[in-house]
Amino acid sequence: MRTFRIGRLFGIPILVNPGWFLLFVLITWLLATQVYPDALTTGSRQTHFLMAAASVILFFVSIIIHELAHSIVARAYRIPVKSITLFIFGGVAQITREATRPLNELLMAAAGPLMSMVLGGVFLGAWFAIGASDTRAIDYVLFWLAMMNFVLGIFNLVPAFPMDGGRVFRSLIWMVTGNYNRATGIAAWTGRGIAWIMMAAGAAAVIGINVYLANDAFGGVWLILIGLFLENAARQSLVQNRMVRTLQGFSAGDLMVADPPAIPGDVTVAQLAHGVLEINPRACYFVEEDGKLAGIISGYQMASIPAPLWPTTTARQVMVPSTKLRPAVREQLVSDVLLEMEMEELLHMPVVENGRVIGVIARDRILGVLKQAGLIPNATA
Ligand SMILES: [Zn+2]
């Protein structure tokens with residue numbers, strides 16, 4: 001599903017998954033017709049809908065603040081944050097890299113739930129500040145927001161990796177063992193265990209057993225769904241960790257193709273593209289000026305120029321300039337190279353030595369290694 005961009009905060013794009021709008025309507029409707037009419041019996045139908053809409057919008061803002069808390073700590077450790085996406089189960093900050101130290105990860109992971117607790121406290125405090133009564137619409141809205149933020153904070157602290165609590169748990173094991181990969185394994189398996197317990201409890205609730213977490217079929221189905229979601233996320237992080245470990249076994253020098261074709265910047269796109277793009281749309285050239293890497297031009301950039309303009313457009317004009325790239329070096333681990341390529345959406349990464357291109361790594365070559373290790377199916381490229 002495509003996401004919408006609704007704005008930018010602290011330079012971080014805020015995206016919304018369309019599924020979220022559905023949830024927005026559903027929760028507003030539930031609050032307005034099921035919850036608030038019983039709470040504020042004197043209110044009109046219109047009041048109940050206004051209360052519901054205000055509650056859901058402010059909760060939505062609370063989730064963004066939770067994700068911003070993670071993001072700002074990440075940034076403080078110079079880990080770039082690509083975006084914050086709100087989807088049906090809440091929010092997620094696209095933090096591009098994992099922390100390199102356990103303490104950093106601990107603070108980064110804990111920041112979100114702590115912020116939710118603080119927000120819960122702020123809403124509860126506001127309710128007390130205006131007299132803590134139960135006679136006005138605003139009392140119920142503030143109280144509901146306080147409770148929801150507390151629930152969000154506590155739910156996120158469940159040690160089910162890759163949720164926040166699971167990350168806190170991993171950073172603690174990492175601190176104790178000094179071994180990041182082992183810590184990830186233990187945290188992910190714990191997460192799967194918790195997910196299975198949730199699903200089992202959900203199934204028990206569906207057949208009528210009171211399991212405290214849920215006591216009816218509806219609650220049971222919810223538990224099963226959350227369990228499935230967590231189990232899937234934990235399993236994916238195990239696979240991802242295995243991929244990273246596999247790629248850590250190679251350096252850029254191992255996988256690069258040496259001496260790739262380099263061209264001067266004044267070559268025209270026509271010279272590069274004619275007869276080449278049709279046969280190999282993934283063609284890629286390095287542009288060198290004064291013996292140094294100046295940029296990279298791939299089939300993608302060439303195809304973005306209308307064919308009639310090819311004879312008058314130079315490689316220099318369409319290349320991705322090297323100032324926008326962080327080229328690999330021979331000793332760099334391939335796991336890091338792939339991360340960089342994913343961030344910049346590149347199919348080829350130059351390997352440089354003293355500013356000169358000495359080789360190129362194709363994304364396909366890296367995926368080939370993962371396929372060989374049986375970590376991705378052969379069908380997907
Ligand atoms: Zn979080």
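**Exercise 1.** Determine which helices the buried residues of α7 pack against.

*Solution.* Helices are DSSP runs (H or I, at least four residues), numbered from the N terminus. This is a predicted model: local features need pLDDT of at least 70, side-chain atom pairs count only at pLDDT 80 or more, and totals for chains, interfaces and linings use all residues. Residues are numbered from 1 along each chain as its sequence is written.

Step 1. Helix α7 comprises residues 217-247 and reaches 45 Å from its first C-alpha to its last. The expected span is 1.5 Å times one less than the number of residues; for the 31 residues of α7 the span is close to the expected 45 Å.

Step 2. A residue is buried if 20 or more other C-beta atoms, placed from the backbone, lie within 10 Å of its own. In α7 these are Gly 220, Leu 223, Gly 227, Leu 230, Ala 234, Ser 237 and Leu 247.

Step 3. Contact requires C-beta atoms, placed from the backbone, within 7 Å. The buried residues of α7 pack against α6 (180-206), α12 (334-344) and α13 (363-372).

**Exercise 2.** Locate the largest nonpolar core relative to domains 1 and 2.

*Solution.* Step 1. A nonpolar core is a set of buried Ala, Val, Leu, Ile, Met, Phe, Trp, Tyr and Cys residues joined through C-beta atoms within 7 Å. The largest has 56 residues, with Leu 145, Ala 160 and Phe 161 making the most contacts inside it.

Step 2. Helix α2 (residues 45-76) gives the most to this core, 10 residues.

Step 3. Both domain 1 (1-157) and domain 2 (175-247) give residues to this core, so it lies between them. The domain bounds come from an automatic or database assignment.

Terms used:
Helices (H or I, at least four residues) and strands (E, at least two) are DSSP runs, numbered from the N terminus. A residue is buried if 20 or more other C-beta atoms lie within 10 Å of its own, exposed if 12 or fewer, and partly exposed in between; C-beta atoms are placed from the backbone. Two residues are in contact if their C-beta atoms, placed from the backbone, lie within 7 Å.
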